[in-house]
Amino acid sequence: MDSNKKEFLKRGIDYPIIDGARTLPGKYYHSRDIYEEEVKKIFHKFWILACRDEEIPMVGDYKLIEVQDESIIIVKEKPNKITALFNVCSHRGTQLCNQPKGNFKTNSIQCPYHAWTYGLDGKLLRAPQMKEGNGFSKSRCALPQAHIRIWEGFVFISLAENPQPFEVQMEALMGKFVDWKMAELRIAHHIEYKLNCNWKLILQNYQECYHCPGVHPLLSKLTPVHSAQHDYSKGAVIGGFMDLSQKGGSMTMDGKAAAQPVYDVTGDDLQRVYYYSVYPNMLLTPHPDYVMFHQITPLGPGKIINDCYWLFHPDVIHDRGAQDRIKSAVDFWDLTNKQDWKVCEQMQIGTKSSRFTRGYYSGREEILHTLDKELLQALGHEDPE
Amino acid sequence: MDSNKKEFLKRGIDYPIIDGARTLPGKYYHSRDIYEEEVKKIFHKFWILACRDEEIPMVGDYKLIEVQDESIIIVKEKPNKITALFNVCSHRGTQLCNQPKGNFKTNSIQCPYHAWTYGLDGKLLRAPQMKEGNGFSKSRCALPQAHIRIWEGFVFISLAENPQPFEVQMEALMGKFVDWKMAELRIAHHIEYKLNCNWKLILQNYQECYHCPGVHPLLSKLTPVHSAQHDYSKGAVIGGFMDLSQKGGSMTMDGKAAAQPVYDVTGDDLQRVYYYSVYPNMLLTPHPDYVMFHQITPLGPGKIINDCYWLFHPDVIHDRGAQDRIKSAVDFWDLTNKQDWKVCEQMQIGTKSSRFTRGYYSGREEILHTLDKELLQALGHEDPE
Amino acid sequence: MDSNKKEFLKRGIDYPIIDGARTLPGKYYHSRDIYEEEVKKIFHKFWILACRDEEIPMVGDYKLIEVQDESIIIVKEKPNKITALFNVCSHRGTQLCNQPKGNFKTNSIQCPYHAWTYGLDGKLLRAPQMKEGNGFSKSRCALPQAHIRIWEGFVFISLAENPQPFEVQMEALMGKFVDWKMAELRIAHHIEYKLNCNWKLILQNYQECYHCPGVHPLLSKLTPVHSAQHDYSKGAVIGGFMDLSQKGGSMTMDGKAAAQPVYDVTGDDLQRVYYYSVYPNMLLTPHPDYVMFHQITPLGPGKIINDCYWLFHPDVIHDRGAQDRIKSAVDFWDLTNKQDWKVCEQMQIGTKSSRFTRGYYSGREEILHTLDKELLQALGHEDPE
């Protein structure tokens, strides 16, 4: 059964080309001021992907998430509760914890400096030798929390004090991809890429296959470029799919499936690879037999970390005989990713030139125009001229 | 005899806790603008520790001191005179000398570029082919001097044109620690630490033992935390002492003395370790049997060099059999220093967070509140709210 | 025959010393703002040296030139035409080419991202799937060109939209050094130096021999310091010569010629070494038997690349027996260059000091005063006081 209800449009063929749509000016990839605005108005405000809930299975398990100057502890507070705490002691501001992953052995978080101790819910339990009064009270010293929501095993957080409701930002995700039962899938592999380009270039790269014939010969063989279709959503979730040319195939080095279709995937979905950007820091690619996703962490106007994960059915992960097929899916995307990073990094350099005057988008790049408009709206900027 | 005349107060126990005293806002550790203000209004204006006079014993010996964009040559001008010269040629601004230590062989300083030659007093002796007149005169081309004062073998300089009198800034040091005859002590060991934290975090760390139980188990055994007392001085010199728990002991790996008490140290001083910060760049720790001190060199808002020195009686330094005991004192402080650097660097990172709202100081951290007020006054800043 | 028509003046001896001429203030070597102004008003506006035409002999050969944020492709468009193209795709701003040298195999330049393809003249030949209309037309998407001029085998470019005529900026070069037939000479050797100093310090260093006795003992032996003479030109070209002390000698490790005089060099030119700065990025040093030149690439206020080239008669380059003599010329200048780089880097550091008040130029440094005035005029700055 096709789990996607929307109408799709052929990218750049059926869909009317937007009149005179042009790229962002180069400064949007290089200006430190614009970057700081993006951090404040997007990364510290929107719902962003933090991690998979499987990464912190036991009570006390935690993972740190860095969002520019903010460090967030994603911690398993109770068997059924994950909590997001700012990683900063209420006393003198010491970072509580500096190991990227771990377990708070005593189910409490102790500051390494003066031993102030917090519960996994962030409440200040002990502050040695601090007498209540004169303005100080333990109850007012809980660790600040970030908002948290889990969707299909993905942990999202928002650092905003009052974020937009998750269901509003992620409207187009609600009810989507249910057949994959992604909450049941598990991480089979992870690769961290350090890239010298602006975070937006990765989203742009992901949302058009105009570059595929030249950049990705293998991908273009497995999924014909002209099969690209998309549902032209507004908001943070936007994307579409491409058709697998091989019946029962998938995105692997040989084009054959890496595994059986996951859970309830059936019908058209058996012949499709979906590509959705979940604005601003997640790219989600469900295949019939596995799910690949990217998590983007901006480190500056021209610097990001891109973490790429492969999710498989747990039975496949535990099947010794299936490891070669997992590897084939990993190798395919590692090859494809590196092809993309090269052109993204070259676009980063080129757009510095004073002679780059905003170019015209092709009909196959209309989603990029939508992403640009999302950005300008989030920043409250006028349409540049 | 106890060389300290002042009344002491138990830290955070006898002494009234300041109402609602809170830490500095995080920007004081991260802002480039505030850092540049600190350089201008504190490091380029206050008296600061430069070196020990024993480091330049012979006429012509010199040591370079870096104070942000300024380089100062501390040179032995005459048998009884040390002079501080700006390390910049009056002709075209070339740095005269770039070796950190050495000896000006001919008792003159020659610019490597055009061979302008200065006396050890900074006077321009020779400027080849320069004809006096048209505005130029050799007598107006002497190297600028920094002010210089020596106290107990410590060389202090001020880069201000008209510094506050040394005796005013250092009032609380005058007549203090005379029994140690520190001018007679010699450097037994030196360790340079490169740290990723703001310079003020080192002073704060040094002026409270609230962190000792968790961070320094060995130190807390040798000097019980609750023994800390201090004389609540104003001005640049502030500190106190802790009691040695072992009779005749000291701060070493086994808690036993590293050497005989130095010179005239007697009475209560035999059972005390003193901790004085000499604002802004010196931390002075006299023990009964040796003296340890830190010199802080800021390199940026989040970057310093901390040079740690151990001074011993010259007889101990020359006694082959005493080297193990010196090592025990060095090892103790090297261990303790590294425990401190870890939490200081974590505080540096944590205070970047927008959610670090100024915390409340415990009663045991009142000197930090005094240090903060010194800083705000030196910068001419309002009390932050 | 002497190819130089002008009258020459003994540097700093015959020529009247300029009254009270003083150096630039230190900020001209350190301020990021002034550096960015220099890039805009000088490096992105003046004619600058790009390369030698022999470096791109075949149609399709190219070399990349970096001028701060701009990358320029110098390409052999036709057998008799060299063209300078901005290295940035008109579509989305991708850098077209990132290898420093090479050959465009198909005589076209293809963007690695979406395969837009340009001719060697910059015209957009193919833009796959782009439909003309809605503002887009291929004819308006040619790569922007930089202006280009060739003089004696040297390729000069200007990034200005409307540069000053080449003959005006380079007036003093026109007709100069014709006897060397420099267009016929070939690169025998190249050394790239990465230096931590401002670009102007290299020009200043090159235009006075006041530093030679102390810094360059060997050079001072081969060309007596007091032999320096210069023609006090205005504009971008300024310089003079020194006499070779050895008859028929040259600048080599042993002072003997490295080769026969090149082409038509005769008369006085057989005993002279010329030093001309071709503002802002070229230093040209014709010897009787070879030509040495520097190309300066600024990377920031305190960072440059200096590429040094040695040009010889092609017969010498192809003569196996002559390689030792070429090496002797290369070694001489490599030694001399490194002596210069050391003092330039020390001047860079020293001029940071707030106590560097503009020094007086000696009579032997008058060209530096002229260079300073050129700079201030180009920037539109008042004479500093």
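Biologist: Which residue of chain B comes closest to the rotation axis?

Modeller: In this predicted model, the distance to the rotation axis is taken at the C-alpha atom. By that criterion, the residue of chain B that comes closest, at 8.7 Å, is Arg32(B).

Biologist: What rotation superposes chain B on chain C?

Modeller: The shift along the axis is 0.1 Å, and the superposition has an RMSD of 0.0 Å. This is the relation of a three-fold axis. The rotation is 120°.

Biologist: In chain C, which residue has the C-alpha nearest the axis that relates chain C to chain A?

Modeller: Chain C is superposed on chain A by a rotation of 120° with 0.0 Å of shift along the axis, at an RMSD of 0.0 Å. The nearest C-alpha in chain C lies 8.8 Å from that axis and belongs to Arg32(C).

Biologist: How many polar residues are on the side of chain B that touches chain C?

Modeller: Two residues are in contact if their C-beta atoms, placed from the backbone, lie within 7 Å. On that basis, 23 residues of chain B are in contact with 25 residues of chain C. The chain B side has nine nonpolar and three charged residues, and its polar residues number eleven.

Biologist: How many charged residues are on the side of chain C that touches chain A?

Modeller: Here 23 residues of chain C are in contact with 25 residues of chain A. The chain C side includes nine nonpolar and eleven polar residues. Its charged residues number three.

Note on methods:
Residues are numbered from 1 along each chain as its sequence is written. Chains are lettered from A and ligands numbered from 1 in the order in which they are written. This is a predicted model: local features need pLDDT of at least 70, side-chain atom pairs count only at pLDDT 80 or more; totals for chains, interfaces and linings use all residues. Copies are superposed by least squares on the C-alpha atoms of residues with pLDDT of at least 70 in both. Ala, Val, Leu, Ile, Met, Phe, Trp, Tyr, Cys and Pro count as nonpolar, Asp, Glu, Lys and Arg as charged, and the others, Gly among them, as polar.
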